[in-house]
Structures are given as structure tokens and as C-alpha cells.
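Here is a friendly walk through one protein chain. Have the sequence and the 3D view open as you read.

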Amino acid sequence: MTPDRIDIAWMLVATCMIFVMQAGFCCLESGYVRAKNSINVALKNLADFCIAALLFWAFGFALAFGNGESGLLGLTHWFFDGRGENPADLFSGSFFLFQLMFCGTAATIVSGAIAERVGFGSYIGITIVISGLIYPVYAHWAWNTGQYGGAPGWLAALGFIDFAGSSVVHSIGGWVSLAAVLIVGPRAGRFIPGLPSIRGHDLVMSTLGTMLLWFGWFGFNGGSTLALNGSVPGILINTTLGGCAGGVAGLLASQVVYNRIRVEDFLNGTLAGLVAITANCHNVSGLSAVLIGAIGGLVAMAAAEVMERLKLDDAVGAVPVHLAAGIWGTLAVALFGDPTGWPLQHDRMTQLGIQALGCLAAGVYGFGVTFILLRAINRVFPLRVSAEAEMVGLNQAEHGAGSAMLDLVNDMERHRGEGRFDQPVRVAIGSEVEPIALQYNRVIARVTRDAEALRRAVEDLKRAKAAAEAASNAKTAFLGNMSHELRTPLNAVIGFSEILTGELFGPLGDQRYRDYANDILASGRHLLSLVNDLLDHTRIEAGQVILNEAEVDVTAQCEAALRMMRERAAAGDIRLFSDYADDLPDLLADERALRQILLNLLGNAVKFTPPGGIVTLSVRLEEDGRLALAVSDTGIGMKREDVPRALEPFVQLHDHLNKSYGGTGLGLPMVQALIRLHGGTITIDSREGDGTIVTVRFPRRRVVRIGAAAD
């Protein structure tokens, strides 16, 4: 076998290796999408290769590598015929087949980016655009060096370098993907706050796909020599280093940014490293290959984050991997390459400008033409499937291809839609979802039992509530009736006692009659106070108290309350003090309720303060705008654990609140109920033997001068 035939054999072997990349894309993309769309994605991967191959045979190869004088298009070798036995014919046929694989690869990139929401027919249209129009024309600009006569492509003539397709294949595929993503929009539910991210159903399959792609990349890059020469081993080494560095960079960056290693970052970092090294693998050192691959992985990860922030939904990360890393790899030729190996041996800055021009041309032509064409097509024939098809999945909607997973999802969706869980889901014995279906049926059986138990409990609760309400109403009626029944004789006792103590009928004579009359008067007033407390508490419990709100002068009300308590305090040798902040605002409140709050707090303080003690009423405006009324005393106080009980109705704290102090135990509960009606709060700070401070706070919205919103 002649050396020419060895070169041809190497090219054909590389061609077959590149075809394995179709299987790699199929595994990668099918694993990245949800199970309900996996079959559709796999079929698109096969279909786009078939369409691209036929178009490339009919006219794509002619446009890319045919004889043309303008440097824009080729015009020969239509419907390529690869027959012939001489070395030139063998090379020509092998070269055609090799380039056909590149065209198919560029077309396949798009399928993953717009997966799960584009119809099969629409995707075929996109494949025709990229493989029949976009890829061949740009390939002519960058790769046609006059192999079949005529002028070279205009980028090639300038010295543009893209050894194996970082731009020609990958960024072109990425530009077309970006245009399609912008037009079809994100998948349903992709960027709705609160919903979990859409994740692939089989990342093991995606990992296998990455490995198959890597294997094909050896043919992709190594075969681009078009000969089995001494540069092939170095190219394969750089390809390996670039892929490894990209994967490790993605792995480390994922750990740093997200505090965990995300599978997608690792896989896409590896692929981005391979994409980045593709343009320059023949012309850089091993160390440069590592740097190029690592930066490629980081560039792809950064681009993915940008797309996430812009709410651009790329199902597999095709745009970050193939477009962003492809641009980086093309520019890296000038930054890391050996100028002595460049066709025109430009200086680095000149070469960098040419590389940037090639990237710009790919963007303007690849993105611009695709966006215009797809937008026009989308207006007439929508590229996106219906919402119903997207929900059920393209496997079923477009191919009638059901699955055990899809049947399970449909049954569960039926449960959700109907709100009924009395029928179990179907169980496909032996399928991968059998354990899920069985466990789900166990769950809904438990839910059904618990729901029935809950229903019975609710019925019992309703009956208990009705009984409690009846008892409460009876208690309220009883207390109300008793209060009214007691008022009449108590008022009579008070009236007669006042006649006796006033000596309206002349001197009584014996001093004991006056003492008895005073006892009658005191007892009557005390009983009337108790009855009033009971009646007020009953009305509050029954929700029958309506606030009569008005602007109240707080200082005046406090002074009035102190005047009413001074005689009682003096009788117990207790000193009353007041402490008001300057310029206190008015309060929007019920004047009677405010007075009762003050009297109850002051009365409690006086009652439980021994002779010689001090009771202080203070009022202040707090920093948050609330108005605080505080009554402090030097009385007997309470134990810390007893403080909550002091707010319970009818409770007498047994340690030191005995009958000698009197009362119903309604003082503080009444204060709490009244302040809550105003939207305020009550706090108690007390220590046994060290006094008590009770503070009530009215919300900011009730402070007239501030007029702020409610707490």
C-alpha cells in the first residue's frame, strides 16, 4: 500500500470515528432532557444527520469546496460523485465523506439547545437552514484553499486559522442555536420563581455521551491533518489535555461557586475544553493546550450563568459549550500558537485581528441569517409545539411513543387534576418505574385512610364546637342575667347606706350604727365593682364590645386616673408619681377603654404594694413610633413562672395572692383584652418581692401626630 493510500485509510478511519460523535450527541442530549422527550431528541439526532448528509452531497460540498472565483461560494462538484480508482479520486471521495461528517456535527448541535419544545418538522427546517446554507458558505470562507481550483475563501486568504472547526463547526452550530433559542423561548416552567429547575432524567447516559464524543474528537482533530503524518500524535495529545483541563476546571469551579460538583458543569466543562482546543491543537504546546482547555471550561460555565440571568433556555448548554468556547479557541490561535506555523506568518496582534474578524463573520452570518429566516418561518409555521404537546411530552405527542414513565406521569396528573386519589396508578411490572408506582400507590392508600380519619375528626370537631358555643352562650346569658339581677339590690343597699351615713334623718347616736353603715356602703360598692368586671369580661368574650374611637389627650386621661386613685393610695400609705415625656401626641382610642386600662393597672399596683411603697405611671413615645404606658410598683411582685398565669381570667396566684387582696382575677385579663382591641400589646416584668412593671403599647397607627402605617 502506497503512502497515499495510508493517508486515505487514516482519513476514512477518522471519518468513522467522527460518526461516533452522532451517537455521543444522541446519548448526551437524550440524558439531559426529561424522559418524556428523550425519544424525540434521539430521533432528531438521527434525522438531522440524514438530512444534512443528503444536502451536503447535493450542493453543500459544492458551495463549501467547489471552484469559485469570488472567495464567497463554490460553484462546482454538484451532486458529488466519488467514483474512481486513482489516488486523486480516492482522496477526493474520502475528503468529501470526511467533510460531510463535519456538516452533520454542526447540524446536530442545534437539537440539544432547543430540545423539548420544537416540533419534529420544524426542527427539520432548522437543519436544512444550517446544513444547506449556513455551514457550507462559512466553510468556504474559512476552509476553501482552492483544493479544486479557483480563489480561496476570503477568510482563508487573509490567513484565518481554524484547524478542525472551533468556529466553522462549533461556533456556527452555537450561533444557529442561539438564534433558535431566542425565537422559540424557554420551556414551560423553566424560569418561574419557586419551581424547581428542570433536570435531565439520565445523567449517566449523558456521561456516556461525553465519552463517545471525546472518542470521536480524536478523529475530528487528528483526521484534519488529512494524512497520517508526524503531527498526528501531538494533535491527539493536545486534544486529550484540552478536554481533561476543561473538565477539571468545570469541576473545581462548580465546587467553588455552588459548593457542590454539578454533573452538568463537569460534563460541559470537558466538552468546552475539547471545543476550545479544536482550532489550535496542531500549533500549540502541551502547556498551552492545558491553559486553553481550562479557560474554555470556565468560559462555558460563565456563559451558562449569563444565559440563566437573561432567561435564555438552552436545554443542554450548547451555546455556552460550542459558541462561547468555540470563539475562545479561535482567538487562542493567536494568543498561544506558534507564528512560524501560520500560513502567512503574521505577528500576533495582526493574527488576533484576523481571528476576531473570523469570529465576527460567523456571528453576523450564522446568527443574522438564521434569526431572520427562522423568525419569518415562525410567523407562518410556528416552530414551537402546542402547550398541550409540551406538557404531555414530544415522545407521545409527535411519535405516539408511550412509556411506563409517561403512563405513570399521566396517572399522577389525572389524580392532581381531578383531586381524587381513590384509584391507584397503573404498575408496569418489570419496568424502571415499578418501584415508584408501587410506593405511590402505598402513599395514596395511606392518604385516603388519613383523609377519611381527618374527615371524621372534623365532624367531631364541628359537633364539639357547636356544644362549646352553646355552653359559652349559656354562660354569657347566665352571667348577664345574674349581673342585672344583682344590680338592683346592690344599688338599694348603696342608697340606704348613703342615707344612713349622711344622717339625713338626724343623728344616729350610737357610733356603731355609723360603722355598720360604712361597712354596708363599702361592701356594696365592692360587689358592684365585681359585677361590672364580670359583665365587661363577658361582653368582650362574646365580641360585643365596639370601640368608640376618638382623639384622646393621653396626659389628661393619666392625670384623671391618678386623681381617682389618690384617696385609695393615701389610705394604704402609698405614694403615686407620674413621669410623662414632653409634647406627648394624642391617641386614637376609646376614651372609656383607655380609662379602664389605666384604673385597672393603677388599682392592681396599689392593691399589691405594701404601705410606704411607690407606684409610678409613665408615658413615652418609643423609637419605633409606638406609645407606651407603663405602671411600675415596689410591691410584692410575682414569680417568673407565674407571670403568664396572671393574664388568665379568674386566676388567683396561690403563693401570695390570697383572699385578703380581694378581686376577681379579671384586672390584667381585662387590660389585655382592651389593648388587643386597639391592636396593641402588653408585657409584664415582675420579680417576687421586688415589684412589677406592666407596659401596654399602642401601635404607631394610633399615634395621631405621627400618623404612620400600622405595625
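## About the model

This is a predicted model, in which local features need pLDDT of at least 70, side-chain atom pairs count only at pLDDT 80 or more, and totals for chains, interfaces and linings use all residues. Residues are numbered from 1 along each chain as its sequence is written, and side-chain values use heavy atoms, with hydrogens and water left out.

## The whole chain

The chain has 711 residues, and 47% of them are buried. Buried means under 20% relative accessible area, exposed means over 50%, and partly exposed is in between (1.4 Å probe, protein chains only). Its secondary structure comes to 20 helices and seven strands; helices (H or I, at least four residues) and strands (E, at least two) are DSSP runs, numbered from the N terminus.

Of the contacts between residues at least 6 apart in sequence, 73% join residues at least 24 apart, where contact means heavy atoms within 4.5 Å. The accessible surface is about 33,100 Å², with 62% belonging to carbon and sulfur atoms; such areas come from the Shrake-Rupley method with a 1.4 Å probe, and for residues only the protein chains shown count as cover.

The largest nonpolar core has 92 residues, and I114, Y135 and Y138 have the most contacts inside it. A nonpolar core here is a set of buried Ala, Val, Leu, Ile, Met, Phe, Trp, Tyr and Cys residues joined through side-chain atoms within 4.5 Å. Beyond four places away in sequence, Y138 touches residues including L155, F160, I172, G358, C359 and Y365. A second, separate core of 43 residues includes V552, A561, I597 and M670.

## Helix α12

Helix α12 covers residues 348-380, and its end C-alpha atoms are 48 Å apart, which agrees with the 48 Å that its 33 residues should span. The expected span is 1.5 Å times one less than the number of residues. D347 caps the N-terminal end, with a side-chain oxygen 3.2 Å from the backbone nitrogen of M349.

Among the buried residues of α12 are G358, C359, A361, A362 and Y365. The helix packs its buried residues against α4 (120-143), α5 (154-158), α6 (166-184) and α11 (318-336).

Helix α7 (residues 203-222) reaches 28 Å from its first C-alpha to its last. A kink of about 25 degrees is centred on G216; the bend at a residue is the angle between axes fitted to the seven residues ending there and the seven starting there. G216 is buried, as are W214 and W217.

In α19, 12 of the 17 residues are buried, so this helix is largely enclosed by the rest of the structure. I597 is one of those buried residues, and I597 also belongs to the second core. D590 caps the N-terminal end of α19, placing a side-chain oxygen 3.0 Å from the backbone nitrogen of R592.

## A buried arginine

R702 lies in the segment after β7 (692-698). Is R702 buried or exposed? R702 is buried, with a relative accessible area of 4%.

The R702 side chain makes a polar contact with the side chain of E549 at 2.7 Å and reaches the backbone oxygen of H678 at 2.6 Å. A polar contact is a pair of N or O atoms within 3.5 Å; within protein, one must be able to donate a hydrogen and the other to accept it, and residues adjacent in sequence count only if both atoms are side-chain atoms.
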